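This report describes selected features of one protein chain. Please keep the sequence and the structure in view while reading.

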Amino acid sequence: MSYERPTTIEFKRTEIPATRYAINYLRKEMALDLSPIQCEIFVLLEENGGSMTQRDLENQLDLSKSTLSGVLRTMEKNGFVEKVASETDKRVMVVTLTDEGGEIYSEAMKRFKELDRIIFDGLDEEEMAVLSKALEKIRANIGSDDGPLSS
């Protein structure tokens, strides 16, 4: 099969406006000014029982310590997360979703489900299943330490 331009470029041409649309949608619907990274932190924390070490967040998000520290400082100031030293190793910082952060996450997930209905309008269940499976494979290729894109 031949394509006019590489699929990675097509993917990026879809991902960037979709992310922008989603963030603007949250700003409008929830009056929240969240960055894509903050949204991802909410999701990662929720998926990991509400807490993760700062190092694990750095690794999952592929961010430097200083970049993540700045994002977390803003989230902490807004009351969404708190950072405390681990009880077992005081050098390790644990980031925990606050009650307010959990409420923001829950509301944002409701809004994202509404957004899914808008963005994926016209795709039937089979097309959604194919898309979901393809995205899983792409994530595996990108994120796997022994996958085809490992260094």
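What span should the 24 residues of helix α1 have at 1.5 Å a residue, and how far apart are its end C-alpha atoms?

## Basis of the report

This is a predicted model, in which local features need pLDDT of at least 70 and side-chain atom pairs count only at pLDDT 80 or more, while totals for chains, interfaces and linings use all residues. Residues are numbered from 1 along each chain as its sequence is written, and side-chain values use heavy atoms, with hydrogens and water left out.

## Helix α1

Helices (H or I, at least four residues) and strands (E, at least two) are DSSP runs, numbered from the N terminus. The expected span of a helix is 1.5 Å times one less than its number of residues. Helix α1 (residues 7–30) should therefore span 34 Å, and its end C-alpha atoms are 34 Å apart, which agrees.

Within α1, Ala-22, Ile-23, Tyr-25, Leu-26 and Met-30 are buried (under 20% relative accessible area with a 1.4 Å probe, protein chains only; exposed is over 50%, partly exposed in between). The buried residues of α1 pack against α2 and α5 (99–119). Just after α1, Ala-31 has a positive phi of about 55°.

## The aromatic pair

One aromatic pair is found in a search of the whole structure. The ring centres of Phe-42 and Phe-80 are 5.6 Å apart and their planes lie at 55°, so the pair is tilted. Rings of Phe, Tyr and Trp (its six-membered ring) pair if their centres lie within 6.5 Å; planes under 30 degrees apart count as stacked, over 60 as edge-to-face and the rest as tilted.

Phe-42 belongs to helix α2 (residues 36–47), and Phe-80 to the loop between α4 (65–77) and β2 (81–85), 38 residues apart. Phe-42 counts as buried at 3% relative accessibility, and Phe-80 at 5%.

Definitions and conventions. Contact means heavy atoms within 4.5 Å.
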